[in-house]
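Please look over the sequence and the model shown here. The paragraphs below go through them part by part.

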Amino acid sequence: MAQIIDERMAAEMEGDFVVFLIGARINKWWKLKNLIWFSGTMPRMLKELASRPVEETGFLGYKMLNMTTNVQYWRSFDHLEAYARSKDSEHFPAWVEFNKRYGKSRGDVGIWHETFLVKSGQYEAVYSGMPRSGLGKAGDLVPATGSREKARARLSA
């Protein structure tokens, strides 16, 4: 079980970074054969990314929001795009296979993603009575005191 930090903490990230939201929606759950394949794709990618050095991938971490949606943190859009297009990674072959399986039946499984480029200091995050989570796990945690006590102040820090 993750260690609970029993004080208010703020997340800090050095430099610019990327927040990438990605998810799926199973629209035709009765097509079980395809869904079994699809359900294993994201866990394999996340496992691959978590096992490689940040310096190599630019992948800073992720947080599962539910079974089909997660938030990912990346050092840069270039890192995210390089991973997505790398023929040597789990993503590219899954992307090709997804388009083969669902290209003519896009309504079976929906996928979506949103990418946000975050400039240094243009974010704030606070955690109270929580384990390291989200941006606080991808970056550093510092006490949310003094200049980090209020959201507006954290944005200016």
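L155 counts as partly exposed because its relative accessibility is 41%; buried means under 20% relative accessible area, exposed over 50%, and partly exposed in between, with a 1.4 Å probe and protein chains only as cover. L155 is found in helix α7. Helices (H or I, at least four residues) and strands (E, at least two) are DSSP runs, numbered from the N terminus. Leaving aside residues up to four places away in sequence, L155 touches G121, Q122, Y123 and E124, where contact means heavy atoms within 4.5 Å. The C-alpha atoms of L155 and A125 are separated by 9.0 Å, and these two residues are 30 apart along the chain.

The model is predicted, and local features need pLDDT of at least 70, side-chain atom pairs count only at pLDDT 80 or more, and totals for chains, interfaces and linings use all residues. Residues are numbered from 1 along each chain as its sequence is written, and side-chain values use heavy atoms, with hydrogens and water left out.

The chain as a whole comes next. Its secondary structure comes to 7 helices and 7 strands, which follow the pattern β-β-α-α-α-β-β-α-α-β-β-α-β-α when read along the sequence. The C-alpha trace spans about 55 × 30 × 25 Å along its principal axes. Of the 157 residues of the chain, 39% count as buried. Among contacts between residues at least 6 apart in sequence, 73% join residues at least 24 apart. The accessible surface comes to about 10,000 Å², and 56% of this belongs to carbon and sulfur atoms; accessible areas come from the Shrake-Rupley method with a 1.4 Å probe, and for residues only the protein chains shown count as cover.

Two of the strands, β3 (residues 59-66) and β4, run antiparallel and are joined by 6 bridges. Strands pair if DSSP finds at least two bridges between them. A hairpin connects β3 to β4 through 2 residues. In this pairing, F59 stands opposite W74 in β4.

What lies in the interior? The largest nonpolar core has 17 residues, and M13, F17, V19, Y73 and L135 are those with the most contacts inside it. A nonpolar core is a set of buried Ala, Val, Leu, Ile, Met, Phe, Trp, Tyr and Cys residues joined through side-chain atoms within 4.5 Å. Apart from it lies another core, of 12 residues, among them V18, I22, M42 and W74. As for M13, its contacts are L60, R75, Y123, L135, A138 and G139, not counting residues up to four places away in sequence.

Charged side chains also pair up. A search of the whole structure finds 10 salt bridges, a salt bridge being a side-chain nitrogen of Lys or Arg within 4 Å of a carboxyl oxygen of Asp or Glu. In one of them, the side chains of D108 and K28 meet at 3.4 Å, N to O. D108 lies in the loop between α5 (91-102) and β5 (109-118), and K28 in the loop between β2 and α1 (32-39), so the pair ties together parts that are 80 residues apart in sequence. D108 is buried, with a relative accessible area of 3%, whereas K28 counts as partly exposed at 30%.

Another salt bridge joins E124 to R154, with the closest N and O atoms 2.7 Å apart. Because E124 lies in the loop between β5 and β6 (126-130) and R154 in helix α7 (residues 151-156), this pair ties together parts that are 30 residues apart in sequence. E124 counts as partly exposed at 32% relative accessibility, and R154 is buried at 9%.

The salt bridge between E97 and R101 has its closest N and O atoms 2.8 Å apart. E97 and R101 are 4 residues apart in helix α5, so about one helical turn separates them. E97 is partly exposed at 23%, and R101 is partly exposed at 26%. Elsewhere, E48, R52 and E56 are linked in a network of salt bridges.

I26 is found in strand β2 (residues 17-26) and is partly exposed, with a relative accessible area of 32%.
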